[in-house]
Structures are given as structure tokens and as C-alpha cells.
Amino acid sequence: MSIDSLLEGLKARDPRAIGRAISLVENGDESADVILSSLDENLVAGAIILGITGPPGAGKSTLTNGIISQLRQDGKRIGIIAIDPSSPISGGAILGDRIRMMQHATDRDVVVRSMATRGRLGGLCATAGAAVRIMASCGCSTIIIETVGVGQSEMDIIRLADITLLVLAPGLGDDIQAMKAGLLEVADILVVNKADCKGADILAMDLEAVTRRGSANPTQVSMTVATEGKGITELLDRISSLDSEHRDSGERHKRRRGAHDQEVLDWCLEILRPKLLAEIRRRELPLPGDPRLKAKKILDEH
Amino acid sequence: MTEKTKKNRVLVGKPGLDGHDRGAKFIAHALRDAGFEVVYTGIRRSPEEIAAAAIQEDVDAVGLSSLSGAHMRLFPAVVEALSKAGAPDIPVLGGGVIPDEDIAALKKAGIVAIFTPGTPVDKIIGAFQDACAKKSAA
């Protein structure tokens, strides 16, 4: 596909062009600059970006599927970026989140993209951010980023979101206290999925108790049964009222600004990393010797 | 410019009503261990669903598995669905319980490689690598 026909395709919201554009940016192709500068910044600014995180098996993909169904009834166009980890050994990955969303596979207004972490530090944040922008520019008014909430790269990703949902389910280990501190802190809305299962009420009470500590208005817990579509309407109502609150209070703008600065930093590092690595290798630095001192020397000389 | 980080991306799925996914999952894992990014779409997919997913995910190749005997209808149907959706360049590979006498007809219908029971996994990985390389070069 030539770059001109790709840009034409993006304007026409052609699925092939959208898929291709995301790959080219993800793979660091030269055409990424042209693609990203062609985007409609107004659409990007207007879209709502939802982060959905939580432990494996909590029902993130199924909940995402439920949210898609509901938003499609309202005639909205939706983008989904589903992130799964790459194997640190082989570099390969199995991207399986789509399975739960296949009922929407032939719906052209549901744009799904699976993405592997590829062991990138900030790089994933940069490429996922670019994918969000491509989808928004192609008319997706809601974009969901779905990721397992463990590990630093996943936590970084969630910073791209305007509003973050933490999805939990009973029976996955109820030791909320011991849960990674950051997860509860970044979540705007806590969701207890599989609410028809034993232990859901206790989990919800535990969560409320944990978040109440030291806070005047504790985070409310939403209950859902994603497989049956229960609780989704109420959840979406909460999301949209929180979004309006954030727009009024300036919180949304503050978050976008934070995410933007982080993305610019990530891109700087992405662009610099291969150049720096080449420079380091070119110098054939002698061993032994302190790596930090060598690093400063290289940077000072540039 | 940023470092080029092209990875082989493939889709593995099962068209039709056959629910026996052990073979498909085995191949998905083998490809992952060989460094592929594998979009796994699971069982009971229509050819149109597989084609739409392959396009959205911008994969370099599609791998199909069938153990029910419906390969003669379903494999070519996926090739056709890809073509109809504007992606005739995405190669389709297939495996499963496929009689030798069907192989020529399937290849004629556009399936680039066929794997029968007992095919060494390295050969399958090699065929996917070839298909991805050809697609990227095109």
C-alpha cells in the first residue's frame, strides 16, 4: 500500500488502512511521521479514553465486550486496544483478548487491535498512545485500552486513559490489602465483576473499606455480570457523569497534559535508544569501567 | 528514526462448527515460542469474522485448523472472504485431518501450505516464516 493510498484510506476509515497505519507506527517505520501528522486533532481531543485493568481472569475482555454492545446500541463507534504480554524468552506473544469480542468482528464500527508489550519500557506507552490517536482520528468516540494490571509497563499505559476502571472478581484471591498499592490508587471506578458469584458482596465491602481509609468520598464500587450484560448501563452512566465532572473541574485536561508530556518523553527515548546503542557499540568501550561515567561522557560529547 | 521492530504477526483460528482446538492451540504456542505474535481468535468462527479480524490486526498470515472434514468448503471460503474484504495478499495456511487427495485442490484454491497429522512442528513454523517474509517483501 502506498503512503498516499494509506492516507486516503485513513480518511475513508478503511479497516485495512487503520490496521496498516498502527503497524507502521508500532514497527518504527519512516512513514509514521506522515501518518501521525495527518490525524484530526479535534477528534483526538474529543474522544474519551477508558482504561480497563485488573488481574487475569477477572473478566476484563468480557466486560469490554459488554461495554461495546451497549455503546453500539447508542450508535457510537469504538476502538479497543487489547494488550497482552510478550514472552521475555522468545519475544513472541499470544494475543487472545479478541476471543471475547468476536461477536463484533464483522462490525466495521468496532475497531479492535491486539498489541504485545514487546518488552519495551516506555515504548509501549508511545505506540499505544499513537494507536489511540489513529483510532480517534478515524471516528472512534470511545477508545478502550485493556491491559493486565501488573508490571510497570501496564501501569504506564493506564496513564493514557481519561478514566480508569479496575476490574476484580470474587474467588481470585481476596487479599485486597496486599494488592499492588498503585492499582487501587489509579482506579477511578472499581468494578466487581461476576457479581452473581459467591463472595462478590464481601469483596465489594472490602474494597469500599480499603478506599474509604483517609478519604472523604470513598470510591464507589460497581457490580457487573459481564457475561449477561448486567450492570453495564449503570457502569456507563457512572463513567459519563465522572467524565463530565472531570471536564468541568479541569481534571480531564490535567490528565491529558500529564499523558501528553509522558508520551513526548517516551518518543524521545524511543527515537534516541537505537542511536545511542549504535554509538555505544561503535566506541567499543573498554572493560572494566563504570557504566554511568561512560554514559555521562557520551551524552556530554553530544 | 526509531529502531525498526518488525515482528511476524499471524492469526490462528478455527472456522466452522468444529470445536476441537487442541491442534490450533498447540500451533499458536509453537509459533509464540518461535517469536511470532499470534492473534488467537478461538473456535467456531465464520470465514468473514476471520477475514475481518486478520485485516484489523494487520497480520502477515492466517493459519486455519480443521478436524471435522469441512476444510474443502471452509479453507477456500476464508481465502475468498479475505479477497472480498480487500486483502487478497494475506496468505492462508491450513492444517488438520486432511486427506492427501484434497491437498492439490486446496492449493489450487489459494491455500499456500497444508499440514497433515504428523507434520514436524519446525516445518510448520518454517512455512509461516516463509509466508510472512513473502508478504512483507510484497
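Tutor: In H1(B), the buried residues are B:Ala24, B:Ile27, B:Ala28, B:Leu31 and B:Arg32, where buried stands for 20 or more other C-beta atoms within 10 Å of the residue's own, exposed for 12 or fewer and partly exposed for values in between, with C-beta atoms placed from the backbone. These five lie on the same side of H1(B), because they cover an arc of only 135° around the axis (an arc of the directions from the helix axis to the C-beta atoms). The model is predicted, and local features therefore need pLDDT of at least 70 and side-chain atom pairs pLDDT 80 or more, whereas totals for chains, interfaces and linings use all residues. Residues are numbered from 1 along each chain as its sequence is written, while chains are lettered from A and ligands numbered from 1 in the order in which they are written.

H1(B) spans residues 22–33, and its 12 residues reach 16 Å from first C-alpha to last, close to the 16 Å expected at 1.5 Å a residue (1.5 Å times one less than the number of residues). After H1(B) comes B:Gly35, with a positive phi near 95°. Helices (H or I, at least four residues) and strands (E, at least two) are DSSP runs numbered from the N terminus.

The buried residues of H1(B) pack against E1 (9–15), E2, E3 (61–66), E4 (92–96) and H5 (121–137) of chain B, and also against E3 of chain A, a contact being two backbone-placed C-beta atoms within 7 Å. That strand of chain A also meets E2(B), residues 37–45, to which E3(A) is joined in parallel by 3 bridges (strands pair if DSSP finds at least two bridges between them).

E4(A) pairs with E2(A), residues 78–84, in the parallel sense over 7 bridges, with A:Ile81 as bridge partner of A:Arg113. Both strands belong to an open, parallel sheet of 7 strands in chain A, in the order E4-E2-E5-E1-E6-E7-E8. Its edge strands are E4 and E8 (221–223) of chain A, each of which pairs on one side only.

Further along that order comes E6(A), residues 163–168, of which 6 of 6 residues are buried. A:Ile163, A:Leu165 and A:Val167 point one way from E6(A), while A:Thr164, A:Leu166 and A:Leu168 point the other way. E6(A) pairs in the parallel sense with E1(A), residues 48–54, over 4 bridges, where A:Gly51 stands opposite A:Thr164. E6(A) also pairs with E7(A) in the parallel sense over 4 bridges, with A:Ile189 as the partner of A:Leu165. From E7(A), residues 189–192, the parallel pairing continues to E8(A) over 3 bridges, and there A:Leu190 is partnered by A:Val221.
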